[in-house]
Structure formats: C-alpha cells, structure tokens
Amino acid sequence: MTSRITWDEASARRYERQLLGAPAPAGTPVAAVVSTLLATHAQVLSAAELSVGLRLDGATRQDVRAALWDDRSLVKTYGPRGTIHLLAAAELPFWSAALTAVPSGAGAPPGVRMTPGQEEQVVAAIGDALDGRQLTIDELSEEVVARTGPWAGDLVMEAFQGKWPRWRQVMHRTGQSGALCFAPNRGRKAAYTRPPHFDPLPADEALATLVRHYLHAYGPATPQHFAKWAAAPRGWAAGLFTTLASSGGIEEVDFEGAPAWVVAGDTDFPTEAVRGVRLLPYFDAYAIAAQPRERMFPGAAYERALAGGQAGNFPVLLVDGVVAGVWHQRRQGKRTTVTVEPLGRLTKGQERELERELREQVERVGEVLEATPELVVGKVTAGPHA
C-alpha cells in the first residue's frame, strides 16, 4: 500500500534531519554535520560557516575553518550544479564519481570549447600541477599552459572584466573529478590544491548513493526536484529514478496527491508540525533543496525571498518551517547588525513573540560569527546576492 505523506509531515522530517529542530550535540565532527546536509554551499564562505555553525551546538566559524584547513576533514570544491560547496572529504569517492556522471549541458560555444581530448589533458595537467602544492589562479594557468600547449591559454572566455583563458571552462569539472579543491587564500587571492588521493566508486553505485542521500535529507522528492538540485536533464533523472525503483533502492509514495520517492523503507514521518523561528544564511541547503518551492516560499515570500524563482540569494527567516521573511547582516569590526524583515501582518502579541525568538537566533548568529549582534526588525534594503 502506497504511503500518503502530507506537506506538514515532510516539512517536519526535513527540519529534523537538517538539524534545525535541535542542533547536533557539542563535539560532533563538523564533517558529520556537512554530510547530514549532504553538501553546504560555500560561494560565500561566511554563509557556509553559519549554515554549519547554527546546526552544531557551541560551534563557531573557527571550528569550520579548522575542519577545512587544518585536519582537512572538509574540502571546499566544485559540487552540485558546478557551484562551490563544502563536502565531507571521506565522501569524495561517491561525490566525484556521481557528479562527473551527471550529463552536462551544451557547454561553451564553438571557437571557445575544447575537444574531449583537450579537456582530459587539462584535467590531468591541473591535478599534476596541484599535487602537494598550493597555487593561485595565475600560477595554475601558467602550469596548465606549460603542460598542455598555448591553445589552453587563449583568452576566449567571457569574464567579469575581460577574458579568461580557454582551460578555465572545465575548472568546475576538474573540482568535481577530485583533481582540484580550494586552499586557504593567499592574501586576497584564491588558492588551489589537490585533495587527498582517493579511488572513486563505480558510477552506478555512486549515483545510487547520491540519490539515497538526497532523498534521506530532502525526500519525498520527484525526479524533477532532483534534476533541478543537481542541474541535470529531467529525462535522465527520470530514468535514474526508474532504475533505482526497479532495483528496490527507492520507493514511491503519495506526496500531497502526487507521486514522489523516498529511500526504500524510509516512510516514518513525525506527526507534529514544525514550530519555531530560525534564521538561515545565503544559499542554505534547506532553503534551496526543499520542494515544492511554492510551499517552501508561500505567498509573499515567493516574490520577496526568491530571485526570479531561484532560492538562496536572500538569507531567509523561517517560521514554522517555511520562509516568512528575509534578513541581512552588516558587520563593522566586532559588531554586526542583523536586520530582519518579516512578511505578512502580525498582531502585537505575535510581534512580541517573534522578536523574543529572533533575539535568541541573532545571539546564536553572533556566537558563530564571533561578533556582538544587534537585532533590528525592519525593512531589508540590500538586494539579492549575485
């Protein structure tokens, strides 16, 4: 008999599994928290530090940095959708094999793109150049051109202020393959190194592992939801789910009257709805992955807290598990001002209750970021993050 899952049940389980109902106990490895989220978006590293820190009792940004740069239990690299994420280093064997097995789009236009053979040369050159070394992008570019040929350095890629060399079009694929990750910045310049060597899983096993992890964290979900999260073709994702369902790895459920999938046997859901207030930073995994988006961003939140339907560009206020506002912080020295803009009308009693809970959340934000916080409830004037 097909299990029937409501939005409130799904939301409550995701909230719990995302460590939003209660943080992981002090002493839990930072990498274990990142693994629970599946991956932590790190285009803005301070936002990644906050995503993790808010879910680990007593943690600060220094704990995340120690896991990333000292014991290297985390890696900062190109993850899902080709964007920069924190990943658990121990999970690179499945991440690498799965991400490189996801079909890519059309790629660069003619005259810019490389042949498959050239791409392989560049990936190998980057891995060799970074093995045991830390290089800035300019130093890495010199190494790649020297190891492949002048064609790799042709300035043909449109960039923010000029043009980038041809080889950079496969930089995200190099990270996904395990040949590159970020090193600590050298001054204001980004630096790169190679993660510890590992043996990737077979592609089929890795994809099955990724889907199971995804559904455990964010299910019930459809192949279309997974395709959006992974930046994969919808038809390919549908075929993948069909294969996994036929082998018994995942099972279909009724989610709000429509078919969706969970890990096989993973059909226990909380009976109590989510209650409480949380502040989530830019690109937080919960706000990006929880679907359907119309339920996660109800009413005015869909226009105010999304950027053209894209989640993550605004830090969000969660009330009872769904987006109910946006917020922004402005740091000056050791102080940070956190401005929260609730959406929708509130009674005076609701305003007082919300402000009380927000003060607790803002205090925790300050602890994680090692700053003295000040709460302001009012209009957020900052635009979406690019």
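Predicted model: local features only at pLDDT ≥ 70, side-chain atom pairs only at ≥ 80, totals over all residues.
Local features need pLDDT of at least 70, side-chain atom pairs count only at pLDDT 80 or more, and totals for chains, interfaces and linings use all residues. Residues are numbered from 1 along each chain as its sequence is written, and side-chain values use heavy atoms, with hydrogens and water left out.

Helices (H or I, at least four residues) and strands (E, at least two) are DSSP runs, numbered from the N terminus. Helix 2 spans residues 30-37. Its residues Val30, Ala31, Val33, Val34 and Leu37 are buried (under 20% relative accessible area; exposed is over 50%, partly exposed in between; 1.4 Å probe, protein chains only). Viewed down the axis of helix 2, the buried residues fall within an arc of 155°, so they line one face of the helix. The arc is that of the directions from the helix axis to the C-beta atoms. An α-helix has 3.6 residues a turn, so residues three or four places apart point the same way. Leu38 follows helix 2 and has a positive phi, near 85°.

Helix 3 (residues 45-53) packs against helix 4 (residues 61-70) at an angle of about 105°, and their axes are 9 Å apart. Helix 3 is therefore roughly perpendicular to helix 4. Axes are lines fitted to C-alpha atoms, for helices over the stretch in contact, and angles run from 0 to 180 degrees between N-to-C directions. Angles under 35 degrees count as roughly parallel, over 145 as roughly antiparallel, 65 to 115 as roughly perpendicular and the rest as oblique. Leu45, Glu49 and Val52 in helix 3 meet Arg61, Val64, Arg65 and Leu68 in helix 4 (contact: heavy atoms within 4.5 Å). The residues of this contact divide into 4 nonpolar, no polar and 3 charged. Ala, Val, Leu, Ile, Met, Phe, Trp, Tyr, Cys and Pro count as nonpolar, Asp, Glu, Lys and Arg as charged, and the others, Gly among them, as polar.

Strand 4 (residues 84-88) has 5 of its 5 residues buried, so it is largely enclosed by the rest of the structure. Ile84, Leu86 and Ala88 lie on one side of strand 4, and His85 and Leu87 on the other. Strand 4 pairs with strand 2 (residues 40-41) in the antiparallel sense over 2 bridges (pairing requires at least two DSSP bridges between two strands). His41 has His85 as its bridge partner. Strand 3 (residues 74-78) also pairs with strand 4 in the antiparallel sense, over 5 bridges. There, Val75 is partnered by Leu87. The hairpin of strands 3 and 4 has 5 residues between the strands, and Arg81 takes a positive phi near 65°. Ile84 has 10% relative accessibility. Leaving aside neighbours within four places in sequence, its contacts include Thr40, Lys76 and Phe182.

Strand 13 (residues 316-319) pairs in the antiparallel sense with strand 12 (residues 277-280) over 4 bridges. Leu279 stands opposite Leu317. Strand 13 also pairs in the antiparallel sense with strand 14 (residues 322-332), over 4 bridges. Val316 has Val326 as its bridge partner. Strands 13 and 14 form a hairpin with 2 residues between them. Asp320 in the turn has a positive phi of about 55° and is partly exposed at 33% relative accessibility.

Phe283 also has a positive phi of about 55°, although it is not a glycine. Phe283 is buried, with a relative accessible area of 8%. A cis peptide bond joins Gly219 and Pro220, with omega about 0°. Another joins Gln291 and Pro292, again with omega about 0°.
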